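Please have the sequence and the model at hand while reading.

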Amino acid sequence: MKVPMFDLKITNKKFKKEIFTKFNNFLDQGYFFMGKSVLEFEKVTKNFLKSKYTLGVSSGSSAIYLALKSQGIKEGDEVITTPLTWIIPINAIAACGATPVFADVDNNFNIDPNSIIKKITKKTKAILPMHFAGKLCDMDLISKIAKKYNLKIIEDCAQSYYAKINGKNAGSFSHSAGYSMNPMKPFGGVGEAGLVTTNNYKTYLFLKKLRHAGTSSDPRKKITNNCVSVSLNHKIDEINAFILVLMHKNLKQKIDRCNQIANLYKRELNHKILHQVTNKNEIHGRYVYPIVCKKRNKLMNYLKSNNIETKIFNQPLCYDAPVYKKFKKEKLNNAERLMKNHLIIPCHENLSNSQVLYVIEKINKFYKFS
Ligand SMILES: Cc1ncc(COP(=O)(O)O)c(C=O)c1O
């Protein structure tokens, strides 16, 4: 039996028909950017996230970069973040001219608030937490730290659109937050797309300008060179926006299926395997399913020989990327340990129960005989 890590095919016939019908209308209408679909996408996401302002952008990368820019992050500033992440948020910090400062992570793969405190200096301007795999960071504690030291919070919600804690959505703890809607994400489209949010009206107006070359251009009314802040083109396409609006309708169903699989893994996998902890008051965003395990590389090869695809995420740690080595002050123990011991196993809505049971059987067999 084959078990792929991701399966991005859209197979639902009714859903496909809906996409084709809309697409036809869309071609006839001949309007391809910053129109009704973008506004609808922004409305749907605003309602779901309970955010005052949402702006569709061309990718999660753009979203995080613009979120940082909107908070005035610039040369000479330090931004505290995690080394156990996709390199993009680190690149976004550096692209603002600021310095990424790395704090250690906790057992849930998320930035550790105690480690953040140790990294604060006079130059620290912001904290950038990333919710690993969709599990929210300890945002209550991080918010307290930010308040005490007068720091901005910019959440990287690329992996956590659906996540909540105590009824509060991912992204609602920040001055500005960025989300990714690339096709691999549970709320993903069929191309590159992202979203940036804020609850502050002035920040929203500034973000709107940053999205369109630092100007107040509006493709329907006027294009102007009246640039107030250096920026490039970060606009989302109409086509991605309308597909995302349709995708949003199926999101709960997708996450419910991923939760079923996650519960099976938690209940049935050998007790030597460790999982991210999800408390009763929280909803996990279910981007991927990470485990912490012994003999990781051997397990990975064993699963591969049984046609089960797995992944190691975010290798090497960001401070070991050639371009960021100069910012590495020390080895961070938990991040190093998790990098050596974690494995991402398949968990997506297109997996059948027999595929999930097959993964469980093979992992348990590996530990029984090794
Ligand atoms: C943690 C994190 N940040 C940022 C991004 C960037 O998002 P995008 O690929 O939409 O640019 C990703 C994408 O996977 C991500 O995982």
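## Terms and basis

Two strands pair if DSSP finds at least two bridges between them. Helices (H or I, at least four residues) and strands (E, at least two) are DSSP runs, numbered from the N terminus.

The model is predicted: local features need pLDDT of at least 70, side-chain atom pairs count only at pLDDT 80 or more, and totals for chains, interfaces and linings use all residues. Residue numbers start from 1 along each chain, following the sequence as written.

## Strand pairing

Strands β12 (residues 289-292) and β13 are paired antiparallel through four bridges. Within this pairing, Tyr 289 has Ile 345 of β13 as its bridge partner. Both strands belong to an open sheet of three strands, ordered β10-β12-β13, with antiparallel pairing. β10 (274-275) and β13 (342-345) are the edge strands; each has a single partner strand, so one side of each is left without a neighbour in the sheet.

Elsewhere, β1 and β9 (residues 194-198) run antiparallel and are joined by five bridges. Thr 54 is placed opposite Thr 197 of β9. In β1 (residues 53-57), four of the five residues are buried. A residue is called buried if 20 or more other C-beta atoms lie within 10 Å of its own, exposed if 12 or fewer, and partly exposed in between, with C-beta atoms placed from the backbone.

## Ligand shell

The ligand is surrounded by 16 residues, and the closest are Ser 59, Gly 60, Ser 61, Ala 158 and Ser 180. A residue is near a molecule or strand if its C-beta atom, placed from the backbone, lies within 6 Å of it. Helices α3 (60-70) and α4 (88-95) each contribute at least two residues to the shell. The largest share, three residues, is that of α3.

Sorted by class, the shell holds six nonpolar, eight polar and two charged residues. Here Ala, Val, Leu, Ile, Met, Phe, Trp, Tyr, Cys and Pro count as nonpolar, Asp, Glu, Lys and Arg as charged, and the others, Gly among them, as polar.

## Helix α11

Helix α11 (residues 353-368) has 16 residues, which at 1.5 Å a residue should span 22 Å; the end C-alpha atoms are 22 Å apart, in agreement. The expected span is 1.5 Å times one less than the number of residues.

Val 356, Val 359 and Ile 363 of α11 are buried. Viewed down the helix axis, the buried residues of α11 fall within an arc of 60°, so they line one face. The arc is taken from the directions from the helix axis to the C-beta atoms. Their cover includes α8 (238-268) and β13, where contact is C-beta atoms, placed from the backbone, within 7 Å.

The face turned away from the buried side carries the exposed residues Asn 353, Ser 354, Glu 361 and Lys 368. Glu 361 is exposed, with 12 other C-beta atoms within 10 Å. Its C-alpha atom is 8.9 Å from that of Glu 268, 93 residues apart along the chain.

## Backbone exceptions

The peptide bond between Gln 315 and Pro 316 is cis, with omega about -5°. Pro 316 lies in the loop between α9 (296-305) and α10 (333-341). Asn 314 lies in the loop between α9 and α10 and has a positive phi near 60°, though it is not glycine. Asn 314 counts as buried, with 21 C-beta neighbours inside 10 Å.

Phe 109, also not a glycine, has a positive phi of about 75°. Phe 109 sits in the loop between β3 (99-102) and α5 (113-119) and is buried, with 25 C-beta neighbours inside 10 Å.

Notes: Two residues are in contact if their C-beta atoms, placed from the backbone, lie within 7 Å.
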